[in-house]
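I opened my notebook to work through one structure. I wanted to see what sits inside it and how the pieces are held together.

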Amino acid sequence: QSQLVESGGGLVRPGGSLRLSCTASELTLDRHVVAWFRQAPGKEREGVSSINLVSLFTTYAESVKDRFTISRDNAKNTVYLQMDSLRPEDTAVYYCAASSLLLYGGSYPLRSDEYQYWGQGTQVTVSS
């Protein structure tokens, strides 16, 4: 059973916005790095953004900088990905992942094999 649950995906027009949520069960996120990855059909999974929930250091892929914002709500044990100015090329299944082993450094670009916990994904479709 996945310890991370994503929500907030859906169909949106180009230029629109969505906010994805990643909520943890049986796992307290405050001493983890949480990341969002995405995978489009026929493409490899790619890292989108990450947040170190101790230092609050964030990373963003070049393709989403200035459009996406990662944030957290410790009280709700939840990490968010605010996605604005969405483009058709943002269409993908978005996955939330967490690791307790990266607090003092992780790879950039993000590497999926460095994350221990995964959600099952939420579909984001950007289309007119």
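Below are my entries, in the order I looked things up.

**Entry 1: the model.** I reminded myself that this is a predicted model.

**Entry 2: the disulfide.** How many disulfides are there? I counted one disulfide. The bond joins Cys-22 to Cys-96, and I noted an S to S distance of 1.8 Å. Cys-22 sits in strand E3 (residues 18-24) and Cys-96 in strand E9 (residues 92-99), so the bond ties together parts that are 74 residues apart in sequence. Are the two cysteines buried or exposed? Cys-22 is buried, at a relative accessible area of 0%, and Cys-96 counts as buried with 0% too.

**Entry 3: strand E8 and its neighbours.** I picked strand E8 (78-83) next. E8 is mostly covered, since five of its six residues are buried. Which way does E3 run against E8? The two are antiparallel, and six bridges join them. E7 and E8 form a hairpin, with four residues between them. I wrote down Asn-77 from the turn, where phi is positive at about 55°.

**Entry 4: the nonpolar cores.** Which residues have the most contacts inside the largest nonpolar core? They are Leu-29, Trp-36, Leu-81, Met-83 and Tyr-94, in a core of 29 residues. Among the elements that give two or more residues to this core are E3, strand E7 (68-73), E8 and E9. Leaving aside residues up to four places away in sequence, Met-83 touches Gly-16, Ser-17, Leu-18, Leu-20, Arg-67, Phe-68, Tyr-94 and Val-124. I also found a second, separate core of eight residues, including Ala-35, Ala-97, Leu-103 and Tyr-115.

**Entry 5: the aromatic rings.** I reminded myself that a pair of rings is described by the distance of the centres and the angle of the planes. The structure holds three aromatic pairs, and I wrote up two of them.

- Phe-37 and Trp-118 are 5.1 Å apart centre to centre, with 45° between the planes, which makes a tilted pair. Phe-37 lies in strand E4 and Trp-118 in strand E10 (residues 117-118), so I logged distant parts of the chain, 81 residues apart. Phe-37 is buried, at a relative accessible area of 1%.
- Tyr-95 and Trp-118 have ring centres 6.4 Å apart and planes at 75°, so I called this pair edge-to-face. Tyr-95 is in strand E9 and Trp-118 in strand E10, 23 residues apart. Tyr-95 is buried as well, with a relative accessible area of 15%.

Which residues form the aromatic cluster? Phe-37, Tyr-95, Tyr-115 and Trp-118 form one cluster.

**Entry 6: a charge over the rings.** Where does Arg-45 lie? Arg-45 is over the face of Tyr-95, at 4.0 Å from the ring centre. Arg-45 also lies over the face of Trp-118, at 4.9 Å from that ring centre.

Notes
Residues numbered from 1 in each chain as written. Predicted model: local features only at pLDDT ≥ 70, side-chain atom pairs only at ≥ 80, totals over all residues. Heavy atoms only, no water. Disulfide = S-S within 2.5 Å. Buried < 20%, exposed > 50% of the residue type's maximum accessible area, 1.4 Å probe, protein only. Core = buried A, V, L, I, M, F, W, Y, C linked by side-chain atoms within 4.5 Å. Contact = heavy atoms within 4.5 Å. Phe/Tyr/Trp six-rings, centres within 6.5 Å; stacked < 30°, edge-to-face > 60°. Lys NZ or Arg CZ within 6 Å of the ring centre and 35° of its normal. Pairing = 2+ DSSP bridges.
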